[in-house]
Amino acid sequence: MMKYGSVVLSAGFTGLLSFSLLAVAIGTDYWYIIDVNKPNCSEDLSSRSGLWRIHEGAKRSSVIPSFTANMSSLSEMEQHLLGLQQVVVIVLPLSLVLLVLGWIFGLVSSLSCSPLLLAGAASYFLFCSLFTLTGLSIYIQYSNQAMEEFQWVVPPENLAYVNVSFGWSFAIAWLSYSTEVATGLLLMQAARLTQIKGRYESGVAIAML
């Protein structure tokens, strides 16, 4: 059986790792990459984007106007895409804040060795993972719909030179989600160990009477 100390230390490490990974993912601009390899074209048409910025070519970059865009000048599809973008940039940073509070909650519950608090901290981390999963799922939906809109605008013969993919920032966000779930499961295991220990000590105390 795993020792309580090893379990809570592992939970603390994965909890801190999940926060670090999500912070890096949110702050970097390699979520979605469009690679254009058009022959006989000297201009760099490739781009990469994050949650806040789009980089076009080697030197051009612009901020995504998630909350500052003039909605009246946008088409219905553009408004829908911007709405999805707004949800993503709200949910994922909120998940980051919740992870900070969850790590503190997990630390307090680990020091108290309370099965009830440990189970509560485990449930809290699993709840945080749902926030992260929701943000990532909406981002996938946003990217797919944006690509469909892009295909309507770009001539079919030019699409042959375009390669799109999710970048390493997106992959790191998924790793953060995985470590959030792992933290919740480890804290649940810690709660189970303290409960078993409590029953054992109660049995010993009764036997000594």
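1. Basis of the note. Residues are numbered from 1 along each chain as its sequence is written, and side-chain values use heavy atoms, with hydrogens and water left out. Because the model is predicted, local features need pLDDT of at least 70 and side-chain atom pairs count only at pLDDT 80 or more, while totals for chains, interfaces and linings use all residues.

2. The sheet. Five strands form an open sheet in the order β4-β3-β2-β1-β5, with antiparallel pairing; strands are DSSP runs (E, at least two residues) numbered from the N terminus, as are helices (H or I, at least four residues), and two strands pair if DSSP finds at least two bridges between them. The edges are taken by β4 (60-63) and β5 (162-166), each of which has a single partner strand, so one side of each is left without a neighbour in the sheet. From one strand to the next the twist averages 15 degrees.

3. The β2 and β3 pair. Strand β2 (residues 47-49) and strand β3 (residues 53-56) run antiparallel and are joined by three bridges. Arg 48 has His 55, in β3, as its bridge partner.

4. Arg 53. This residue belongs to strand β3 and is partly exposed, because its relative accessible area is 30% (buried means under 20%, exposed over 50%, and partly exposed in between, with a 1.4 Å probe and protein chains only). Its side chain joins that of Asp 29 in a polar contact of 2.8 Å, the term being used for a pair of N or O atoms within 3.5 Å where, within protein, one must be able to donate a hydrogen and the other to accept it, and where residues adjacent in sequence count only if both atoms are side-chain atoms.

5. The helices. The axes of helix α2 (residues 76-112) and α3 come within 8 Å and cross at roughly 160 degrees, the axes being lines fitted to C-alpha atoms, for helices over the stretch in contact, with angles from 0 to 180 degrees between N-to-C directions. That makes α2 roughly antiparallel to α3 (a word used for angles over 145 degrees). Helix α3 (residues 115-153) also lies across β1 (32-36), β2 and β5, and runs at about 170 degrees to β5.

6. Cys 113. In the loop between α2 and α3 lies Cys 113, whose phi is near 55 degrees, a positive value in a residue other than glycine. Cys 113 counts as partly exposed because its relative accessibility is 39%.

Methods. Contact = heavy atoms within 4.5 Å. Parallel < 35°, antiparallel > 145°, perpendicular 65-115°, else oblique.
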